[in-house]
Amino acid sequence: MNRGISFEIPNEYGSALKRMLAPLPIAAYNWYVGGEECYRLVDKELEPLFAREYDGMDGSKLQQIIEYPKVYLIFLTLQAFPVHSEVIAIRTYEEFLDSDCRFLLLIIDSVYVAMYGKDDTMLAALYHNAMNHGYENVQYITDDNDCRTKLSVW
């Protein structure tokens, strides 16, 4: 069974978050945002992309944030929930399965990306999107190869 996908992105400023999430209807969800360590470049100065942790960021707000053209991602957790669901921080795969969370993104050390999803069609679209953008080591995360014990960037 496919749990998600993993791949590596270039360690650079840019629109990687926007490109990675392109197949998802961002505005259709409420989001848990871990608020870890991501920046945007504004007038040659770094500013935090997310000011803090958010339990329930509106999808249209997240859509605006990921539109910034010069973003630098170091550590990030994003989790998508249906609009009328309770938004909670998911910490394990079992919690993910038992929750209303539909999608989970982890970015670690600027280059390592793991995406978990409950919908095979969504996972296939994300997989093909990653391949089309030339990301490296794109593969499915399955029951057999997932050695992650926590769904956390720390």
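In the predicted model, N137 lies in strand 9, which comprises residues 136–142. The phi angle of N137 is near 50 degrees, a positive value in a residue other than glycine. Most residues other than glycine have a negative phi. N137 is also exposed, because its relative accessibility of 52% is over the 50% cut-off.

A positive phi is likewise found at D109, which is not a glycine and has a value of about 55 degrees. D109 is placed in a loop, between strand 7 (103–108) and strand 8 (112–117). With a relative accessibility of 44%, D109 counts as partly exposed, since that class covers values between 20% and 50%.

The cysteines were examined next. A disulfide is a covalent bond between the sulfur atoms of two cysteines. Under the distance rule applied to the model, the count of disulfides is 0. C101 takes part in no disulfide, and the nearest cysteine sulfur, that of C38, is 17 Å away. The sulfur of C147 has its closest cysteine sulfur in C101, at 20 Å; this is too far for a bond, because a disulfide requires the two sulfur atoms to be within 2.5 Å. C147, in contrast, is exposed, with a relative accessible area of 71%.

Attention then turned to the helical residue K18. This residue is found in helix 1, which spans residues 16–20. K18 is partly exposed, as its relative accessible area is 36%. When residues up to four places away in sequence are not counted, K18 touches I66 and E67.

Finally, a nonpolar patch was identified on the surface, formed by Y13, L41 and L46. Together, these three residues have about 260 Å² of accessible area. One of them, L41, lies in strand 3, which runs through residues 37–42. The relative accessibility of L41 is 31%, so this leucine counts as partly exposed.

Terms used
Residues numbered from 1 in each chain as written. Predicted model: local features only at pLDDT ≥ 70, side-chain atom pairs only at ≥ 80, totals over all residues. Heavy atoms only, no water. Helix = DSSP H or I, 4+ residues; strand = E, 2+ residues; numbered from the N terminus. Buried < 20%, exposed > 50% of the residue type's maximum accessible area, 1.4 Å probe, protein only. Contact = heavy atoms within 4.5 Å. Patch = residues over 30% accessible without salt bridge, like charges linked within 9 Å, V, L, I, M, F, W, Y side chains within 5 Å. Areas by Shrake-Rupley, 256 points an atom, 1.4 Å probe, with all protein chains shown as cover. Salt bridge = Lys/Arg side-chain N within 4 Å of Asp/Glu carboxyl O.
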